[in-house]
Amino acid sequence: MQITKADISNKIFALLVAGLLSLFVVKTGVMGIGLMLVLPFVLAGGIFMMSHPNKSLAAGLIFAFLSIGAIRYVPNLPLGLTVDFALAMLIVSALFHNKVETDFSKLHNSLILVTLIWMGYNVAEIFNPEARSVTAWFYAVRGTALYMFLTVPLTLLYANKPSDINRLFIIVFALSVLASFWGLRQFYIGLDAAENRWLDAGSRSTHVLFGNLRVFSFFSDAGQFGAGIAHSGVMAMVLALGPFSLKKRIIFAVMALLFFYLMIMSGTRGALMVPVAGTMAYLFASKNFKLMVMGLLGLLLVFSFLKFTTIANNNYQVRRMRSALDPSDPSLNVRYLNQRKFAEYLKSRPFGGGIGTSGSWGQRFSPGTFLAETPNDSWFVKIWAEMGIVGLYLHIGILAFIAGMGLLKIWKVKDPRLRQKLFALFGGYVGIAAASYGNPLLGQMPTGIILYMSWAYFFLAEDMDKSLNKPSENE
């Protein structure tokens with residue numbers, strides 16, 4: 001049998017590849033084998049997302065839910081960057097996407113304007129003389145502005161149909177149900193080895209109080225889980241009150257009860273503001289006087305139960321929720337004390353101390369400084385500390401503008417089911433915004449991605465309403 005030059009070349013190439021792979025495995029060990037097994041799926045997923053731009057946003061949302069929890073099991077992999085990967089794939093896909101199919105007129109709105117303004121302010125913070133590290137800015141700006149800057153226009157361009165808003169709800173509810181059962185397993189069966197390792201690394205003091213576990217599921221911590229699952233609960237509750245079939249309304253109601261129960265199990269007192277503010281926002285937006293009265297009475301009953309009774313006080317979770325309404329609570333007074341310290345420090349710093357100088361990024365890149373060592377315990381205090389009073393007022397103004405303009409656009413929607421879905425997103429947004437005073441929620445994952453997509457759907461409301469007249473868009 002004659003051996004050709006091509007055969008020799010192929011064999012040499014195969015030997016080289018085998019040698020390189022062997023060297024890679026020797027150098028990286030088990031982690032290298034894992035990467036080799038995962039790589040084909042990553043490549044296949046990347047190719048699929050590049051071919052379907054709207055699926056990249058869906059993938060980014062799924063990664064935002066799962067990546068933080070997955071880090072506990074494979075700590076050496078940069079899974080926290082998976083959201084960045086999905087959005088990067090969407091940008092690459094957009095560059096090669098058929099421009100004829102892309103309606104760039106959807107970017108001609110005030111939401112894009114305020115998004116650009118906020119991103120511009122964040123970029124300008126690089127030149128803040130108080131800033132300690134450009135690297136810290138690079139890491140921290142992803143949560144404060146970059147994800148918003150990427151998600152809003154990409155949603156407007158490539159996930160702008162009624163089917164896309166349905167997909168958002170399906171993903172959020174499916175993963176929230178999974179997170180709920182994961183949390184129930186933690187509380188009633190126990191933590192696994194990876195979760196115990198995470199607690200032992202420094203989180204046990206905040207997640208096991210008086211022998212009681214604060215459920216955190218596969219979220220970054222109990223605080224984020226409590227607020228995030230409450231966010232899903234508000235959306236499910238609003239949909240349960242909508243013009244859908246009885247079967248769907250029962251499913252939504254059961255999910256809402258499950259999510260609110262897990263909110264209590266998280267022991268996150270600030271999360272209580274999510275359903276309170278979210279419900280009030282929905283009642284106002286619905287302009288249904290009878291429903292508004294019933295809802296306010298329901299909220300009053302819950303408030304009275306927690307504030308003026310000791311019923312179920314033997315239950316730790318209920319007792320902890322009740323402490324959220326106690327003005328003499330020690331942790332609340334510590335937060336007020338820290339805010340007074342921030343006020344004094346920031347008197348001469350109208351643009352703050354620089355992005356990435358407070359919280360975990362501050363402790364990593366500028367340890368020992370005032371901003372790094374003083375807990376901000378709040379999204380708005382974080383913005384104030386890092387971007388100053390100018391940045392705080394700008395941020396609050398943008399959030400209020402989006403809420404006001406969004407509501408005006410939702411009120412113009414004629415399709416009752418679409419309007420109820422938008423009300424659900426609106427109630428969830430207002431609930432998270434209100435709760436962000438007590439916890440750093442707005443820029444955290446997956447909450448941030450859900451909110452940024454929600455904002456885009458507020459501004460797409462009228463277009464989606466019109467498109468529902470087309471047979472291909474009907475549910």
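User: Where is D377 found?

Analyst: D377 is in the loop between α16 (370-373) and α17. Helices here are DSSP runs of H or I with at least four residues, strands are runs of E with at least two, and both are numbered from the N terminus. This is a predicted model, in which local features need pLDDT of at least 70 and side-chain atom pairs count only at pLDDT 80 or more, while totals for chains, interfaces and linings use all residues. Residues are numbered from 1 along each chain as its sequence is written, and side-chain values use heavy atoms, with hydrogens and water left out.

User: Why does D377 count as partly exposed?

Analyst: Buried means under 20% relative accessible area, exposed means over 50%, and partly exposed lies in between, with a 1.4 Å probe and protein chains only. D377 has 27% relative accessibility, so the residue counts as partly exposed.

User: What makes the phi of D377 worth a remark?

Analyst: Phi of D377 is near 55 degrees, a positive value in a residue other than glycine. Most residues other than glycine have a negative phi.

User: What is the phi of S217, and where is S217 found?

Analyst: S217 also has a positive phi, near 55 degrees, and is not a glycine. S217 is in the loop between β2 (212-213) and α9. At 0% relative accessibility, S217 counts as buried.

User: How do you know that the peptide bond joining M445 and P446 is cis?

Analyst: Omega of that bond is about 5 degrees, and the bond is cis. Most peptide bonds are trans. P446 is placed in the loop between α18 and α19.

User: Why is the pair of Y429 and F458 called tilted?

Analyst: The rule takes rings of Phe, Tyr and Trp (its six-membered ring) as a pair if their centres lie within 6.5 Å; planes under 30 degrees apart count as stacked, over 60 as edge-to-face and the rest as tilted. By this rule the count comes to 24 aromatic pairs. The ring centres of Y429 and F458 are 6.4 Å apart and their planes are at 45 degrees, so the pair is tilted.

User: Which parts does the pair of Y429 and F458 tie together?

Analyst: Y429 lies in helix α18 (residues 416-435) and F458 in helix α19 (residues 447-459), so the pair ties together parts that are 29 residues apart in sequence. Y429 counts as buried at 1% relative accessibility, and F458 is buried with a relative accessible area of 0%.

User: Which residues form one aromatic cluster with W182?

Analyst: The cluster is made of F65, W182, F218, F219 and F225.

User: What makes R349 a charge over the ring of Y345?

Analyst: A charge sits over a ring if NZ of Lys or CZ of Arg is within 6 Å of the ring centre and within 35 degrees of the ring normal. The charged end of R349 sits over the ring of Y345, 3.8 Å from its centre. R364 lies over the face of Y139, at 4.9 Å from the ring centre.

User: Why does W384 count as buried, and what does W384 touch?

Analyst: The relative accessibility of W384 is 16%, so W384 counts as buried. W384 is in helix α17 (residues 379-411). Contact means heavy atoms within 4.5 Å. Not counting residues up to four places away in sequence, W384 touches Q339, F342, A343, L346, G352, I389 and L392. The C-alpha atoms of W384 and A343, 41 residues apart along the chain, are separated by 9.1 Å.

User: Is S232 buried or exposed?

Analyst: S232 is buried, with a relative accessible area of 1%. S232 lies in helix α9. Leaving aside neighbours within four places in sequence, S232 is in contact with V172, F173, S176 and F259.

User: Why does T115 count as buried?

Analyst: T115 has a relative accessible area of 3%, so T115 is buried. T115 is found in helix α5 (residues 110-124). Not counting residues up to four places away in sequence, T115 touches M148, F149 and V152.

User: How many helices and strands does the protein have?

Analyst: The protein has 20 helices and 2 strands. Of its 475 residues, 49% count as buried. Among contacts between residues at least 6 apart in sequence, 75% join residues at least 24 apart.
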